[in-house]
Amino acid sequence: MIEYLSDFWVLLINSAFFGLFTKLADLCNEHKWNPFRGAALLFGFLWGIFGAAVVIANPLLGSFYLAILFHWILRNKIDRLNHGIGSVIILISFVFVSETYQFDWYLFSFIFIVYTIFGLLRDNRKIRSSWFTKLNIYAYLIVIIFTLLDQKYLIVLLSYFFNTLFYQLAKKLENGEK
């Protein structure tokens, strides 16, 4: 099963759905968007399933997205039941594969530290919100540097692009945009 999930296109599709359901779960909470009864729980569950599929399929992606998840936990962004459901699914799936996993502590550490620093600066209004912070360009810069040093990180860059693209597309629902 993991071999199938590790397929290049399957990884990118799962990354896209991971980003989509991350934002849809968020919209149900903070932005009171509710397309149907139980949507928040369903989107939290789907966020977790697609996140788990990405995390267990590729150790580099697991290292990357777990850093982001731990940063969310540290900053109290996992603050609703649907966020908790998604997070638990992702973390439990990681526990199941962790013994055979080649976790990338360098990538994890850089992403966790930079995401946390920028997140805390934004939370405390020490930096202004801009396209650089809204689109998390700082994380892209880190992954681009990692990719320039070693091409194996290209999958992280592509996955993050698809994740962010679908996250931003879902964000259009926040303002009722088409």
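1. Helix α4 (residues 59-74) packs against helix α5 (residues 81-97) at an angle of about 135°, and their axes are 11 Å apart. Axes here are lines fitted to C-alpha atoms, for helices over the stretch in contact, with angles from 0 to 180 degrees between N-to-C directions. The pair is therefore oblique, the class left over once angles under 35 degrees are called roughly parallel, over 145 roughly antiparallel and 65 to 115 roughly perpendicular. Helices are DSSP runs (H or I, at least four residues) numbered from the N terminus.

2. Before going on: this is a predicted model, where local features need pLDDT of at least 70 and side-chain atom pairs count only at pLDDT 80 or more, while totals for chains, interfaces and linings use all residues. Residues are numbered from 1 along each chain as its sequence is written, and side-chain values use heavy atoms, with hydrogens and water left out.

3. Back to α4 and α5: α4 passes α5 in a left-handed crossing (the near helix is turned anticlockwise from the far one by less than a right angle). Leu66, Leu69, Phe70 and Ile73 of α4 make the contact with Ser87, Ile90, Leu91 and Phe94 of α5, contact being heavy atoms within 4.5 Å. Seven of these residues are nonpolar, one is polar and none is charged. Nonpolar covers Ala, Val, Leu, Ile, Met, Phe, Trp, Tyr, Cys and Pro; charged covers Asp, Glu, Lys and Arg; the others, Gly among them, are polar.

4. Now α2 and helix α3 (residues 39-57): the angle is about 150° and the axes are 8 Å apart, so the two are roughly antiparallel. Their crossing is left-handed too. Residues that meet here include Phe17, Phe18 and Phe21 in α2, and Phe43, Trp47 and Phe50 in α3. The contact divides into 16 nonpolar, six polar and no charged residues.

5. Ile89 sits in helix α5. Beyond neighbours within four places in sequence, Ile89 touches Phe45, Gly48, Ile49 and Ala52. Ile89 and Gly44 are 45 residues apart in sequence, with 9.6 Å from C-alpha to C-alpha.

6. The largest pocket has a volume of about 960 Å³. It is lined by 32 residues, and Lys23, Asp26, Trp72, Arg122 and Tyr167 are the closest to its centre. α9 gives the most to the lining, with six residues. The lining splits into 10 nonpolar, 10 polar and 12 charged. A pocket is an open set of points on a 1 Å grid over the protein atoms alone where a 1.4 Å probe fits, with protein on both sides within 12 Å along at least five of seven lines; lining residues have an atom within 4 Å of a point. The volume is the space filled by probe spheres set on the points, which are joined across faces, edges and corners.
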